[in-house]
Amino acid sequence: GLTLAPVSLDSIYEKPEPLAHYISVAKRKHPSLRSQLSLLQAANAYVDLKTSQTRFSPNAVVFGSTEYAKGVSQGDDLNWSLGIGLYTTIYDGNLSSSELEAAESLVAQARVGYEETERQIELNVRTTYLALKNAIVKLTLAKETLELARASLEEANFAKSLNTLPTDALA
């Protein structure tokens with residue numbers, strides 16, 4: 001008669017990790033998210049630069065020069081001039097604050113792009129994970145159906161063997 005070989009689901013698939021594991025790996029390794037993170041970091045660095053430039057902190061300069069005077073009564077003379085200067089911007093027509101606002105706007109845009117990319121990656125991972133879990137359920141049901149079919153086949157083979165026995169063997 002017909003027989004069905006046993007099937008083990010363990011040989012068909014490996015038990016998946018928890019969903020959080022796949023989300024974490026995807027967020028850590030996805031190139032689009034890394035690109036968005038780089039943009040966000042660059043925008044934050046630009047804000048830091050503009051913030052440091054708008055504090056109206058003084059700038060220091062050091063200068064020096066020499067002058068050679070010839071024909072002085074004591075002979076030739078070399079004169080040195082050295083100095084230190086400080087200067088600061090008192091009013092820039094709100095140019096610095098406008099640049100800072102523009103830089104902060106870039107940060108906000110970069111943050112939105114990063115968060116949107118992060119949400120899309122998580123959605124894709126969740127969708128794929130659910131499809132995997134669904135496939136596992138279908139495989140489990142198929143295995144149970146196969147086991148029921150195997151039991152029915154064994155019953156049918158047994159019944160057939162009873163019907164094919166000679167009548168004196170049944171007595």
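Helices (H or I, at least four residues) and strands (E, at least two) are taken here as DSSP runs numbered from the N terminus. The model shown is predicted, so local features need pLDDT of at least 70 and side-chain atom pairs count only at pLDDT 80 or more, whereas totals for chains, interfaces and linings use all residues. Residues are numbered from 1 along each chain as its sequence is written, and side-chain values use heavy atoms, with hydrogens and water left out.

**View 1. The chain with its four helices and two strands.** Read from the N terminus, the elements follow the order α-α-β-β-α-α. Of the 171 residues, 17% count as buried, a term that stands for under 20% relative accessible area, with exposed meaning over 50% and partly exposed the range in between (1.4 Å probe, protein chains only). The chain exposes about 13,200 Å², of which carbon and sulfur atoms supply 58%; accessible areas come from the Shrake-Rupley method with a 1.4 Å probe, and for residues only the protein chains shown count as cover. Among contacts (heavy atoms within 4.5 Å) with a separation of 6 or more, 73% join residues 24 or more positions apart.

**View 2. The aromatic pair of Tyr22 and Tyr129.** Rings of Phe, Tyr and Trp (its six-membered ring) pair if their centres lie within 6.5 Å, and planes under 30 degrees apart count as stacked, over 60 as edge-to-face and the rest as tilted. By this rule the count comes to one aromatic pair. The ring centres of Tyr22 and Tyr129 lie 5.8 Å apart with the planes at 45°, so the pair is tilted. The pair links distant parts of the chain, since Tyr22 belongs to helix α1 (residues 19-29) and Tyr129 to helix α3 (residues 95-164), 107 residues apart. Tyr22 is partly exposed at 30% relative accessibility, whereas Tyr129 is buried at 13%.

**View 3. A nonpolar surface patch formed by Tyr46, Leu49 and Leu106.** Patches are made of residues with over 30% relative accessible area and no salt bridge, nonpolar side chains (Val, Leu, Ile, Met, Phe, Trp, Tyr) being joined within 5 Å and like charges within 9 Å; a salt bridge is a side-chain nitrogen of Lys or Arg within 4 Å of a carboxyl oxygen of Asp or Glu. Together the three residues have about 260 Å² of accessible area. Tyr46 lies in helix α2 (residues 31-53) and is partly exposed, with a relative accessible area of 35%.

**View 4. Thr117 in helix α3.** With 16% relative accessibility, Thr117 counts as buried. Leaving aside residues up to four places away in sequence, Thr117 touches Ser32, Leu33 and Gln36.
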